[in-house]
Every structure is written in structure tokens, then in C-alpha cells.
Amino acid sequence: MGSRMECSSDESSELSDTDIDDYAEKAYTDLKSGKLVARFGADRFRCPFCPGKKKQDYRYNELLQHAIGVGASNRAAKVKANHQALASHLKTDHADAAGSLPPRQAVALINPPKPVQDQELFVWPWMGILANVPVEQTQRGGAIVMQQLAGYKPIRFNAVHSPDGEYTGFAIVRFNKDWIGFKDALGFHNTYKSHHLGKTDWEASKSDKYMFAWLAKEEDYKADDPVGKFLSENGDLKTVAELQQEMSRKTDTLITSLTSQISAKSKYLMELECKCNQMDLALQRAMEDNDSLDQRYNEEMRKMQSTAREHSLKIFHETDQLRKQLDEKENDIKRRSKQLSEIVAQTDMERRKLENERKKNDGQNDSLNMARIEQEKANEGVRSLVEKHKKEKEAALNKILLLEKQLDEKHQLELDIQQLRGKLEVVKHMEGEGVDVKKRTEELNKDLQDRIDAMEDLEELNQALIIKERMTNDELQDAKKELISGLVDLLGPRSNIGIRRMGQVDEKPFIEACKPKYGAEADTKALEFCSMWQDNLRDANWHPFKIVTRGEKSEQIIDKGDEKLVGLKEELGEEVYKAVTTALVEMNEYNASGSYVVSELWNNKESRKASMGEVVEHILKQWKAKRKR
């Protein structure tokens, strides 16, 4: 209700239009002196005059647009003066934050590329002409040419044909319509010109050995040939100055439209706030009327209770007089009856108390039984999962042993085949020495073929087992992921076995390094730095490693001369540098291709990766300990 009351207070203390400038100057003084704060970071602003708005954080351009819109609206004079002062403060004292666009886009919008002559006519949308393009490179939308020109970001390729449909050898590439597209088109033109493959070179040589290219201009547009016809049908002739004026005019129109919309919405918001205030006042009056009715009702009830109490006292007094007239026997009977009633009441009270305690104990027993049942179910689930992982691991080990055994058999068969082939060669050279060479050769060939068939069968079985082993390994990895997911709540940071996120940057060194520099904003800046370096780790284009050879082995180590790491160490110190390089090594070891954080079972006691056997043993110990309790 506070924001609604602000509306009514602003309206009740409206300024005249003649006092707006004086009040705006006072508000500007408060902003400049720091009494009112609008900037809270490099690109983080807040409107000090709209504390009740849902949106609090603005960029520079957003807050400036808000201040200008409210300052030009039909709101109260005090509100307009405050926001006019805020707009002046932003333009004068915080102009350094105006450059919030990305560097390349900002430069392209503010400073469009200049041609050699400001009045030179270009074909717009920007188009480039290619001469001597082979017909095979025009297929599939000119994919080959588009790939060659990818550095200039063309958006479309068109082969030029004559009226009778014959390919002319020319092609047109189009660029984006904005200034960035114009810059790419000029780069395209200048590159070919610098290699003596521009339009003048093509006109001078008329060679068909090379592909020539240039930016389409007035001369090409007005040419009486298929290229000129294509350009005139798909574009217009414009100078850079004309395009700049047209874009400026569109921008001014958009700003005027947005300002008008902001003014209308501000007026509508003011009307809604006033309606809310009226509804609050009506509700307050209704509540006051309700309180008045409650007060009258309570007064009537008090009077009725007082009357009833006096009547009851009168009846009681008369009854007491009658009781005094009873004889002694009736008094004795009354006393005995009273005693019996007290005893019965006391007995009934104790019985109800016992019944309540019994029900309470039954409820507690039911809760304890349900908790015990749920605990047994959870323990049984963990035990089943551990047993399943243990069996899968044993099956994988057995398959590995079987593969090793089959590999030995395969090697033995290969050795036997080689020996048989050697014997066969020996027999071939023993002809004429009293040996039946033909019979011995057939026997050796048959034996050799049997060994080769056996080796092929063994090879097929070996391939099948390898495929099955890979599938089993994938299932084991999936089971490992499922085990990690199920053990997140069971494995704490103080237990011997836990879960470590490999490749995640530790934020504690960032907090300690930011405290001396940023004071109260240390936590926020530390989170910003930590998030930025986590993003750097995910960048596939950044790989600060180098390969060193030690003996016969080559390994990757951190490149201590990397510019980013050197800058980090100089800015935030050794501990932050160690935290980032540790995360880099983990990311490179566990997920170098994906560049994202991976959960891994970890031996906290020995600071190393935990084996599945250690995890199973740890979980079984916990399960047995819970069963004993």
C-alpha cells in the first residue's frame, strides 16, 4: 500500500509548471552530490525516484529512456522534475556508460564505412559481381563460392543467365543491408582489387583463367547486359549519405513512437494508481463501518449478559432460601450424593485422560512404524543398487578375462599357421628325396586350412565379445551415473567417499581475493569473476596447455605463459590462479571434448578418484551400521 500512498502524496504536493525548473535543479544537485544514488556498477543503474517499481536494475540506455519518457509525460510536476534531473545527471555525469553496445556493432552504427567519394552511387542492398565463375561452382546455391567468401559473410548467391537461359559466367553475391554488410562488401572489393583481380583488371585482360570480383556500382547497374538487368531488378542506386539520412530518419521516428508509447503508458499507470488509491479509501471506510457495527453488537451483548446474570442471581437466592427449609435427612442425602458425584467425576476424568494418552501413544507408535518401514525400504533400495553394480562389475571383469584368454588362443593359432606354412615350404623343396611330396602337401594344406577356419571362428567370436563388452561398459557407465545421482543425498562432504564436480572453479579463493579490493561488494564481484572464468573454461577456442616430453612419454601441462592466466595471477593473486588451473587440469582430464563439469566419485580422505569397490564397501558399511541401530 506504500507505493499507492506515494501517488496520493505526489498529487497533493504538486508543483506549478513555473517551479519545475527550480525543483529539477535541486534534484540534480542531490544526485550529483551523492545524496541520491543512481549508479551501482559499471553498467548497473537504478531510478532513485521509483522505489516501488518491479524492475529495479537498468542499463544506461534503458534508464535514460525511462527518465526522458517520464519527464515528457503528463505526470505530476514533481515527478516530471525529478526525472528531468535524472536525465541531465545521466547525460552529464555518466556519459562514459553510454557505449553499452558490442564494440563492432557500436562502431558500425555510429561510424559507417566511408567510400572514396561520398556521392558515389552503389547498388543497395549491397551486391558483389563475380566474373569467370565455373558452372560447376554455381550448383547447390553456389556453396563452393560461398565457402570461399565466408570471411565476408555473404548471405546469398545468384548465377546470372541470359534471356534465353544460357549461363553468362557471371554471378552475384549479396551482403547484409546494414553498415556491417557494407564494410564486408568493401573488404570483398578491396581484397580482389589488391590481388589485381578487380573490375579494371578484368576489363584490361578479359582473361578467363581467374575469377575476378568487384562491388556493384552505378556503371554496373546501368549496363545493358544480363548483369545490369539483374541489378536493376533486385536493387536501387543510393549514396552512403542518403542511406545514413534514411536510417537516421527511421531511428528518430522509432524514438518518437517509443516516447509517445511511454507517455501513454505512464499516464495509464498513473490512472491505475489513482484508482487503486480510491479503492483503498473505499475499503478503509468499509472497514471503519464494520468496526462500528462490531462495537454496537458487543455493547448489546454486554447488556444482555448483565441482565441474564442479575436474573440468575435472583433465582439462585430464592432457591437457597427453599433449600434451608429441608430437614436434616435431606441434607445428609445431598452431601452423600455430592460426594458420590465428585468420585464419579474424578473417575471419569482419569478414564478420559488415560484414553487420550493411549490414543497419543498409538499415534506415535504408528508414526514410528511408518518411519521404520520407509527406512527399511530406502536401505533395501540402496542395497539392491549396490548389489546390481557389484554384479555388473564382476560380469565386466569376467568378460575382460575371457577376451584375454581368446586373444592368447588367437595368438597361438597364428603361430601354428605360420609353422604349418613353413613346413609346407620345406616339403615343396624336398621333392626327389624319397618323400611323397604331394601327399604330405595335401595333409599340411588340410591342417593349415583347419587352423585358418578355427582362427576365423575365433575372430568372429572375439568381435562379438568386444561389441558386447562395449555395450556392457556403456551400461556400467550409465549405472555409475545413476549411482552418483542416487547417492547425492547419502554422501556428505565429511564422509570418506563423496561426489566431486570435476572442472568446477572453487569460488572461495575469489571471495578472499576480492575482500581487500571491493569491500562490501566483494561477494558480488567474486561471483562475477568466478562465473566469467567458468565460462572461459567452457570456451573450446581457449586451450592453455603445452606438450612436454619426459623420457619416452609426452604429456600436457599448463602453459604458465598464457596471457589470460598471467593477467589473472597479477589481478587476483596466486590462490585464485591455483583454483582456475586445478579446474582446467580436471576439465582436460575428465571431459576435454565436452568442456563441461562432470560429477565423479571421490575419495575425500586420500584426495583421489574412488573406485567402485570402495564406494560399494562404504555404502555397505553405512547400511550395516543403520541396521544395527
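Helices here are DSSP runs of H or I with at least four residues, strands are runs of E with at least two, and both are numbered from the N terminus. All the views come from a predicted model, where local features need pLDDT of at least 70, side-chain atom pairs count only at pLDDT 80 or more, and totals for chains, interfaces and linings use all residues. Residue numbers start from 1 along each chain as its sequence is written, and side-chain values use heavy atoms, with hydrogens and water left out.

**View 1. The whole protein, before zooming in.** There are 18 helices and 13 strands to find your way around. Of the 629 residues, 30% count as buried (buried is under 20% relative accessible area, exposed is over 50%, partly exposed is in between, with a 1.4 Å probe and protein chains only). Take the contacts between residues at least 6 apart in sequence: 63% of them join residues at least 24 apart (a contact means heavy atoms within 4.5 Å).

View 2. Helix α11 covers residues 240-323, which is 84 residues. From first C-alpha to last it reaches 120 Å, close to the 124 Å expected at 1.5 Å a residue (the expected span is 1.5 Å times one less than the number of residues). Its buried residues are V240, L243, E246, S263, S266, M270, C274, N277 and D280. An α-helix has 3.6 residues a turn, so residues three or four places apart point the same way. S260 also belongs to α11, and at 47% relative accessible area S260 is partly exposed. The C-alpha of S260 is 7.9 Å from that of G69, although the two are 191 residues apart along the chain.

View 3. Strand β4 (residues 127-131) pairs with β7 through 4 bridges, in the antiparallel sense, and A131 stands opposite F212 in β7.

View 4. β9 and β12 (residues 598-603) pair in the antiparallel sense over 6 bridges, and R500 has E600 in β12 as its bridge partner.

**View 5. The aromatic pair F45 and Y60.** The whole structure holds 13 aromatic pairs (rings of Phe, Tyr and Trp, the last by its six-membered ring, pair if their centres lie within 6.5 Å; planes under 30 degrees apart are stacked, over 60 edge-to-face, the rest tilted). F45 and Y60 make an edge-to-face one, 5.8 Å centre to centre with 65° between the planes. F45 lies in strand β2 (residues 44-45) and Y60 in helix α3 (residues 60-71), so the pair ties together parts that are 15 residues apart in sequence.

**View 6. The tilted pair Y518 and F529.** The ring centres of Y518 and F529 are 6.3 Å apart and their planes are at 50°, so the pair is tilted. Y518 sits in helix α14 (residues 508-518) and F529 in helix α15 (residues 522-538), 11 residues apart. Y518 is partly exposed at 30% relative accessible area, whereas F529 is buried at 12%.

**View 7. A ring cluster and two charges over rings.** F122, W126, W179 and F182 are linked into a cluster by ring pairs. Elsewhere, the charged end of R46 sits over the ring of F40, 4.8 Å from its centre (this needs NZ of Lys or CZ of Arg within 6 Å of the ring centre and within 35 degrees of the ring normal). The charged end of K564 sits over the ring of W542, at 5.1 Å from the centre.

Notes. Two strands pair if DSSP finds at least two bridges between them.
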